[in-house]
Each structure stands twice: as C-alpha cells, then as structure tokens.
Amino acid sequence: MKDQEHRGIPQTTPRQSATFSQDVNSDIRRAAATGIYDIRGGGAKRRVPNFDDLLFMGASISRYPLEGYREKCETKVTLGTRFAKNPIELDIPITIAGMSFGALSGPAKEALGRGANAAGTSTTTGDGGMTPEERGHSSKLVYQYLPSRYGMNPDDLRKADAIEIVVGQGAKPGGGGMLLGQKISDRVAEMRNLPKGIDQRSSCRHPDWTGPDDLEIKILELREITNWRVPIYVKIAGARPYFDTTLAIKAGADVVVLDGMQGGTAATQDVFIEHVGQPTLACIRPAVQALQDMGMHREVQLVVSGGIRSGADVAKALALGADAVAIGTAALIALGDNDPRWEAEYNKLGTTAGAYDDWHEGRDPAGITTQDPELMARFDPVEGGRRLKNYLKVMTLEAQTIARACGKNHMHNLEPEDMVALTMEAAAMAQVPLAGTNWYPGKGGF
Amino acid sequence: MQTIDLEAKGLRALNEQLHAQTADTNQTAWEIVNARGSHAIAVGLDAPIEVTVKGSTGYYCGGMNKQATINVHGSAGPGVGENMMSGTIVVDGDASQYAGATGHGGLLVIKGNASSRCGISMKGIDIVVHGNIGHMSAFMAQSGNLVVLGDAGDALGDSCYEARLFVRGKVKSLGADCEEKEMRPEHIEILKDLLERAGADAKPEEFTRYGSARNLYNFDVDNASAY
C-alpha cells in the first residue's frame, strides 16, 4: 500500500465492518480469553427509540398557554387509591426506583432517602431487605417483595408505606440476579441469611406463587398481613405490557410499575440487558390501553421507569398516560456515579467516566456501588442527598415548563395529542403523528 | 376458648381480631371453624396464642407467623407457613406446594405428605414432614433443617446453601451441588430434638444427611454445566 501511495495510485481508506465493529470484536476477544459472558450493571446501552424522538407542540391559536411564573401547574400525585387505606401522596410525579442495600452502599441509600424526602417523593428498597438507616431517612418508603425474599420479614413489611411485588425488571425480563461474593460484607451476609463472601443468587421466579391466579392470592395475603393499610404495587418488565398490565390489575394491584429495557440492574449478563425486553417508549401505550380497557386508568396508577433523564422525559411519559415515573440510573448519576472527577481511577479499571458499569465488582471509585469502607468513605450522604434533591427539583420545573406551554394546569392533563414524533418508529410506538403529518403507523389500518 | 366461624365472620374480621392480640393477651386459645379451604387464614400473627383451624386451608395459612402456634385439623394448601419467623404450625393432613417457603424460623410439622418445593429458599426454619416430599424440595435452601420421615422426590436440595436435609427413606435424585454428608453427633442431637418436638416416631440413626457440596458458592466457568 505504501508502495502504491508512493507511486501516486489512489488507495481506499481502511474500512471497518458494520457487522464486525471494533465493539463486537472486543466482545469476541474477551469471550475467547475468559470463557465467560460479560456481566455488568446498568440498562441497555444500544440506541433504541426513546423520548428524544418525541416533541411537544406547545400552545398556538387553538391551545392557550399558562403563564410560567404566575399560573399554577400542579405536580402532586397520589398512588394506591384503589384499595389501600393509606395511599401514598407525592409532591412530584418522580419517584426513586428500587435499588438494594448490597448493590449500593449504606450511605448511598441514605442519600437517596434524604434527596427524595427533600423533594417530597418516595424511595424504594431492593433485593436484600430494609435497613434502619433507609427507613429512617425515607419518609415514604416502598418495600420490594422479591423472589429471593432476602431480608423479608413481617416487621419491616408493616413499617413500609407501600409494598412492591417485583415480577420483572426491564433490564432482564425473566432473569434473576447474582450479587458476587466480593460485595458480601458481614452486614449484607447477615441480612440475607447467607455466609460471607459467597455469590448470592436471586431467583427469577417467586418461590411460592406461579401465574396471575396465584398472584391474586399472594396480594390478598400481603393485604391481610398489613391490614389493607398500604398500597400494593406490581412491578413488571417491558415484556408484554398489555397482557401483564391487564393481569396485574385483575390480580388486584393498586399500582403497576412498568420498567423498560433502559432500566438499570446491579448485575446481569450484557447479552440479557441488550437483547431481552422492549424499549420504555414501546411499552407505555399498550399498558395505558390495558388500563383503559379495564376501566382502570387513573384508578390503578401507572409508574414508568427505564431511561428517564429529564423533565422532558417526565412530561412525555405522563403525556402518554403514566401517572408518575421512577428513576434509578439518573439518580445515581446525580449522586456522583460516573463523575469525570474520578477519571484517573476509571482509567485504572480499564474504563472511562460515563462508561463504568462493573458495579457488581464493588470497586466503584465514586463510593456508591460498593461495600468497600475506603471507597464508601468518599461519598457524603448529606451532599449526595442535596444533589439528588436539586436534580429532582430541576426535573419537576422542566416538566412544569412544558406542561404550562401546552396549557395544562396539572401534569396529568398532558396527553398524546400534545406531541408529534420525529421518526416512524417513535410514531408507531407512542401512537402520536409523525411530525408534519396527521398519521402514525397502524392508524386507519395502515 | 374463642371460636370464630370464618364463613359467618369473614377473613378480614378474623385476621384483624387475631392481629389485635398482644404479648400479654389472656385470650390465648382460638378455634376457627368453617375454614372451607379459605386463603390467608391466620397470616401475620405476632402473639403467643394458639389457633386451631377446623378443616382444610387454602393458600398461605400461617404466612409470616411469629410466636403463634397454629394447628390445622385438615390439609393445607400451597405456601403453608411461608416466610414464618417463629412459633409452630402443625398440619394434621397433607401440605401442598411450597410448604415453609423462605421461612426464617419456627417449626413447621406436616403429619402427612408435602408436595413439591417443600422448604424452598428456607432461611432458618425447621420443617418436619412425617410422610414424603415432592420434587425440587429445599431448592436454594439457605439455612435451617428439613426432616423427612418418608421419601424425597427428584432434585432434592438443588443449589442449596447451608440448610441441613435429613431423609429417612429413599431420595429419587439429588439436585445440583447437593450431596450426602456425614452424620455427626451434633446432627443426631438436632434430629433427636426435632423428632421429639414434631411427635415423630423415628430414630435419628435411621436418617441420612444431605447438604451443599459448596462447589457452586462462587461462580466458576468450569462449573457452567451445573447451572
């Protein structure tokens, strides 16, 4: 080639394969060297149709906007109005998704509670049970009821403000989990009734019920134990949102939590995260349709999670019919996860800020997804809580700004008719018109 | 003795009344009649009371029990004593699937047979089954003791952790990472105590102990075929 160049013959530039990209090749080399699939944290990293593919149209002659600094745009939301004696009242339609003590450090969980409290919203436990610190710092705490039942006990159940039966998780519909031995401190081991240092597997199915008929009886049992006091949520992955929402409602859920494939996990196979489940955007309309078909829209509340990053995302999810959203990954970033200030240390781990996802290894430079006392000490839960509060406030202000521009005095008054889609895919998934048209795929039978 | 007609009074009123009992209650004896296979009978109890259920129960009888003694004069549906923390549950008849699932403590006695997944994910509970148990029992069992006077079905103790499994009869097959273990004097003592408390007529020496081989405790690709 050099010779050709020297002889003045034009040469083709080196061409990378679209099929065998550098990313793909590195996966192959890693698999060949280790003999094991890649496990990581977080949600789907591939590009999927998402909220960025939607736009609000705002007010015009036919829509009357509200004055940004004068006219009210309500953000309060009540979850669990169907059966519970004490529904959860939130000041903002943004909640903190379930993340476990074990996957996260104690101070990180404390910060989530502090931030959520200050913003007037709820936090959620995760696999591993409820810690006293978490309960103490969260005025509204949702207690997850998971297949592993690690740490599950009736005393904590009665302390919860709501119970979330986890059927699925967006990052891994149909999958369980594994907390690797290096993150199993004495305290984590004790809470999970297992020896220190061994991998702790979380099964993919609940041990004592199978199918929707059993789920109905399980919900009855939990209601009886808690004297019908607190709402029962059912969390489903973005797998078959229409049918799963329908079955959750039939089983007696007060709230359906719907988690799309961008939703994070503490640790799962990369192949699972990237290839199983549906994008959040694709899941909302079928779930809302199920609620409407059952006559339960707004009676059973829908909380959507998986890739929510901004007030615009919140507004779009609500406009599609959700009652609230939940954030996980975004909350961790607000706390300081993947912050470029730790770049040198990310480099030592063979990664870079923004791409770090080996949360299961417990070596998080930011001190958030770790049980290492030295790393944990880097994280200040008071400062972390303040940052989360700020972030939640900004998201709320952003969502209100959009809602007012659309003439809405409550976030829940946003509707699909306020939006257009930028791509055919998003138009089809969100069932809103492609920008510049009055049509979306499937409309009118086409 | 307080007698409650479940059919007449309803499940909510029954559980509410049982939940209202405190540690120093003098209403310590309760009888439930007309159980008729109802679900969630006597769940979430937390007082030193004795509850006798006349007839068979549906799902989750005695679920998450603490302190109370519950006697079922019949058979029990799925998940009897699920996630119980303490106290005692005795089922005179048979038990359906998931008996004692995820239980943290206390004693569950099944005088008949127990179906599949008995003691699944158990976390400290003691379970004594006078008859046989079904397949996949003690799956992912973490701690506690499962005692079976009869036979065990397929895949006993699959992926179990530190739970001790004692079987007097035949075991159709062992699950992944479950193996026969040496019966040491301390195990004989544990068995003796449990058999006595469960009213079981058997000698500890007649049992074989099974438990985790601990090969799957930390993921190793060389063990991939076992998963």
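Me: Hi! Before we start, what counts as a helix or a strand here?
Reply: Helices (H or I, at least four residues) and strands (E, at least two) are DSSP runs, numbered from the N terminus. This is a predicted model, where local features need pLDDT of at least 70, side-chain atom pairs count only at pLDDT 80 or more, and totals for chains, interfaces and linings use all residues. Residues are numbered from 1 along each chain as its sequence is written, while chains are lettered from A and ligands numbered from 1 in the order in which they are written.

Me: New topic: is A:K196 buried or exposed, and why?
Reply: A:K196 is exposed, because 12 other C-beta atoms lie within 10 Å. The cut-offs are 20 or more for buried, 12 or fewer for exposed, and partly exposed in between, with C-beta atoms placed from the backbone.

Me: Where is A:K196 found?
Reply: A:K196 sits in the loop between α6 (186-191) and β10 (200-202) of chain A.

Me: What does A:K196 contact, leaving aside its neighbours within four places in sequence?
Reply: Those partners are A:I184, A:D186 and A:A189. Contact here is when the C-beta atoms of two residues, placed from the backbone, lie within 7 Å.

Me: Last one: how many residues does each chain give to the contact?
Reply: Chain A gives 22 residues and chain B gives 37 residues. On the side of chain A that touches chain B, the largest share, 5 residues, comes from helix α7 (residues 211-225) of chain A.
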